[in-house]
Amino acid sequence: MAKWTMQGLNEYADFLQRIGKNTPEIIGVGVYEMASIVADKVRENLQSLPTVSNAANVATYKKGYSRLSELEKQGLLEGFGISPMENEDGYYNVKLGFDGYNSVKTHKYKQGQPNVIIARITESGSSYRAKTPFIRPAVNSTKNEAIKKAEKAIDEKIHAIENRSK
């Protein structure tokens, strides 16, 4: 955590005002730093998931179970991202998630399967697919690193703002 030395109450009040005016910018740096670290680990975990060919997946699905196909995995990788930062009553956040559709077209999903559904089924399992968590382990394993890097990024941003105002 950064350390600042102030010479008097007025200097401290001015410092707090400058920081207050730039709160979204400062917090945004930390929030995106944390999200980036977690997102990188999610992508890494997703890359390491075992897959089968789409044909093999269809054949096993007809027998009552299925696995992640190569096309489903590719759709997840292409559809994964970080949302723009939102401010909900002073609570700044971003979301990591899946958007769009993969290229596996079915009777029900003529434009392709929704990536968000495939991600949920892969993460949590279903009646026909065993769970293969890749998001939860990423979040759990990166928590401390993400917090430390966010603190560092916020401190650097505050120093940059402080130097900009001098």
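In what follows, a residue is called buried under 20% relative accessible area, exposed over 50%, and partly exposed in between, with a 1.4 Å probe and protein chains only. This is a predicted model, in which local features need pLDDT of at least 70 and side-chain atom pairs count only at pLDDT 80 or more, while totals for chains, interfaces and linings use all residues. Residues are numbered from 1 along each chain as its sequence is written, and side-chain values use heavy atoms, with hydrogens and water left out.

Select Glu25 and Lys157, whose side chains meet in a salt bridge at 2.8 Å, N to O. Because Glu25 belongs to helix H2 (residues 23-47) and Lys157 to helix H6 (residues 136-164), the pair ties together parts that are 132 residues apart in sequence. Helices here are DSSP runs of H or I with at least four residues, numbered from the N terminus. Glu25 is partly exposed, with a relative accessible area of 31%, and Lys157 is also partly exposed, at 22%.

Move on to Glu123 and Arg136, a salt bridge in which the closest N and O atoms are 3.5 Å apart. Glu123 lies in helix H5 and Arg136 in helix H6, so this pair ties together parts that are 13 residues apart in sequence. Is Glu123 buried or exposed? Glu123 is buried, with a relative accessible area of 8%, whereas Arg136 counts as partly exposed at 41%.

Finally, select Tyr61, Glu72, Thr106, Gln113 and Tyr128, which lie nearest the centre of the largest pocket among its 20 lining residues. A pocket is an open set of points on a 1 Å grid over the protein atoms alone, where a 1.4 Å probe fits, with protein on both sides within 12 Å along at least five of seven lines, and lining residues have an atom within 4 Å of a point. Helix H3 (54-62) and helix H5 (115-124) are the elements that give two or more residues to this lining, and the largest share, five residues, comes from H3.

How values were computed
Salt bridge = Lys/Arg side-chain N within 4 Å of Asp/Glu carboxyl O.
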